[in-house]
Amino acid sequence: MKHPIYEVGEHVDFKERPTVNNRDLICSNDYTGSFNKNGYIKLPSGLVIQWGESRYSQTAGVNGYIQSFHTAFPHTCFLVMTSDRYYGANSTSAHPISASQFRCWGRCGPSEYADTDLFYIALGF
């Protein structure tokens with residue numbers, strides 16, 4: 001006789017992970033994260049999506065400003081996307097340099113570096 005894999009009560013508690021079409025179901029416990037101004041979510045596949053705020057200082061010039069992620073990626077960061085935090089008057093850009101840091105820039109016009117706050121979204125695992 002086969003035993004049931006779950007019990008119904010106030011919550012459904014699985015005694016073993018259920019499967020559909022020979023694949024495990026993903027449960028809410030498979031997701032972890034921090035949903036703050038500077039936060040992240042880790043998906044069951046291992047992909048991490050992270051977001052936050054940074055500040056670029058024009059004194060960093062062509063070398064860019066090195067910003068630490070609020071939470072380091074477990075392995076690597078693939079990309080960082082940015083936008084100007086205020087009115088969109090400045091253009092911003094960034095690229096990852098490690099699992100824990102990225103380099104960013106802010107410009108006003110084609111060649112003039114400018115102090116600016118920026119938002120970022122980064123993807124990695």
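These are my notebook entries on a predicted model of one protein chain.

**Entry 1: ground rules**

I number residues from 1 along each chain as its sequence is written, and my side-chain values use heavy atoms, with hydrogens and water left out. Because the model is predicted, local features need pLDDT of at least 70 and side-chain atom pairs count only at pLDDT 80 or more, while totals for chains, interfaces and linings use all residues.

**Entry 2: the whole chain**

I looked up the elements first. The protein chain has 12 strands and 0 helices. Both kinds are DSSP runs, numbered from the N terminus: helices are H or I with at least four residues, strands are E with at least two. Read from the N terminus, the pattern is β-β-β-β-β-β-β-β-β-β-β-β.

Next I checked burial. Of the 125 residues, 28% count as buried. Here buried means under 20% relative accessible area, exposed means over 50%, and partly exposed is in between (1.4 Å probe, protein chains only).

The chain exposes about 8500 Å², and carbon and sulfur atoms supply 52% of that area. Such areas come from the Shrake-Rupley method with a 1.4 Å probe; for residues, only the protein chains shown count as cover.

I also looked at contacts, meaning heavy atoms within 4.5 Å. Among contacts between residues at least 6 apart in sequence, 51% join residues at least 24 apart.

**Entry 3: the sheet of 5 strands**

In what order do the 5 strands of this open sheet lie? I read E5-E6-E7-E12-E9, with antiparallel pairing. Two strands pair if DSSP finds at least two bridges between them. E5 and E9 are the edge strands, and each pairs on one side only. From one strand to the next, the twist averages 20°. For such angles, axes are lines fitted to C-alpha atoms, for helices over the stretch in contact, and the angles run from 0 to 180 degrees between N-to-C directions.

I then followed one pairing. E9 and E12 are joined by 7 bridges in the antiparallel sense. Leu-79 stands opposite Leu-123 in E12.

**Entry 4: the sheet of 3 strands**

I found another open sheet, of 3 strands. Its order is E8-E11-E10, and the pairing is antiparallel. The edges are strand E8 (65-68) and strand E10 (91-96), each pairing on one side only. The twist here averages 30° from one strand to the next.

How many bridges join E10 to E11? I count 6, and the two strands run antiparallel. Strand E11 covers residues 101-107. In E11, Phe-102 is the bridge partner of Pro-96.

**Entry 5: salt bridges**

The structure holds 4 salt bridges. A salt bridge is a side-chain nitrogen of Lys or Arg within 4 Å of a carboxyl oxygen of Asp or Glu.

I started with Lys-37 and Glu-53. Their closest N and O atoms are 3.3 Å apart. Lys-37 sits in the loop between strand E5 (32-34) and strand E6 (39-42), while Glu-53 is in strand E7 (residues 48-56), 16 residues apart. Glu-53 is at 14%, so Glu-53 counts as buried.

Arg-85 also forms a salt bridge with Glu-53, with closest N and O atoms 2.7 Å apart. Arg-85 lies in the loop between strand E9 (77-84) and E10, and Glu-53 lies in strand E7, so this pair ties together parts that are 32 residues apart in sequence. Arg-85 has a relative accessible area of 35%, so I note Arg-85 as partly exposed.

Then I checked Arg-55 and Asp-117. Their closest N and O atoms are 2.9 Å apart. Arg-55 is in strand E7 and Asp-117 is in strand E12 (residues 116-124), so the pair ties together parts that are 62 residues apart in sequence. Arg-55 is partly exposed at 41% relative accessibility. Asp-117 is buried, at 11%.

Which residues are linked in a network of salt bridges? I list Lys-37, Glu-53, Arg-55, Arg-85 and Asp-117.

**Entry 6: cysteines**

I looked for disulfides, pairs of cysteine sulfur atoms within 2.5 Å. The structure holds 0 of them. I looked up Cys-77 and found it buried, with a relative accessible area of 7%. Cys-108 is partly exposed at 36%.
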